[in-house]
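Q: Hi! Could you walk me through this one? I'd like to chat about its helices and its surface.

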Amino acid sequence: MADDKLKNIGTKLEGAADEAKGRVKDAAGGLTGDLGLQAEGKYDQFSGMAQQEFADLYEEGEGVVEKAVTFVRDKPLLSLGIVSFVGVLLGWLVFPRSKRS
C-alpha cells in the first residue's frame, strides 16, 4: 500500500509538472503567435490535469475497497446474505422462468 501511495503522489507531481509546462508553452505560443506551440501547450495542460484527476480517482477507489473489506471482516454473515440476495436477484433477472401453458 505504501508503494501505491508513493506512486500515486508521483503521478500527481508529474501531472502538475505537465500542466505547468503546458501553461508556459501556451503563453509562449500566444506571445509569438505560434499556434502550433499554443496548441501543444493546451494539450500538455489537459494531459496534466487528467493525470491529477486519475490519481484522485484512484485514491477514492482505494478508500471504497478498504471500507468494503472492513465491512466484510466485521460482518461476515451479513455480507454473505447480501451477496446471496444479489446473486439470486441477478439470476432471476438474467434467466427468467419460461411461461408454461
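A: Happy to! One term to start with: helices here are DSSP runs of H or I with at least four residues, numbered from the N terminus. Also keep in mind that this is a predicted model.

Q: Good. How much helix and strand is there over residues 12-61?
A: That stretch is 96% helix and 0% strand, and its end C-alpha atoms are 16 Å apart.

Q: And what does UniProt annotate over residues 12-61?
A: The unreviewed UniProt entry gives "domain: CsbD-like" for residues 12-61.

Q: Let's pick a residue. Where is Glu19 found?
A: Glu19 is in helix H1, which covers residues 2-32.

Q: Buried or exposed, that Glu19?
A: Buried: Glu19 has a relative accessible area of 13%, and buried means under 20%.

Q: What is Glu19 in contact with, leaving aside neighbours within four places in sequence?
A: Asp44, Gln45, Gly48, Met49 and Gln52 are in contact with Glu19.

Q: Switching to the surface now. Which residues form the nonpolar patch?
A: Among them are Phe71, Val72, Leu78, Ile82, Phe85 and Trp92. Together, the residues of the patch have about 1200 Å² of accessible area.

Q: Which helices each supply at least two residues of that patch?
A: Helix H2 (35-74) and helix H3 (76-94) do. H3 gives the largest share, nine residues.

Q: Take Leu89, then. Which helix is Leu89 found in, and why does it count as partly exposed?
A: Leu89 is in H3. Leu89 is partly exposed because its relative accessible area is 36%, and partly exposed lies between the 20% limit for buried and the 50% limit for exposed.

Definitions and conventions: Residues numbered from 1 in each chain as written. Predicted model: local features only at pLDDT ≥ 70, side-chain atom pairs only at ≥ 80, totals over all residues. Heavy atoms only, no water. Patch = residues over 30% accessible without salt bridge, like charges linked within 9 Å, V, L, I, M, F, W, Y side chains within 5 Å. Areas by Shrake-Rupley, 256 points an atom, 1.4 Å probe, with all protein chains shown as cover. Salt bridge = Lys/Arg side-chain N within 4 Å of Asp/Glu carboxyl O. Buried < 20%, exposed > 50% of the residue type's maximum accessible area, 1.4 Å probe, protein only. Contact = heavy atoms within 4.5 Å. UniProt positions renumbered as here; feature names shortened; annotations may be inferred.
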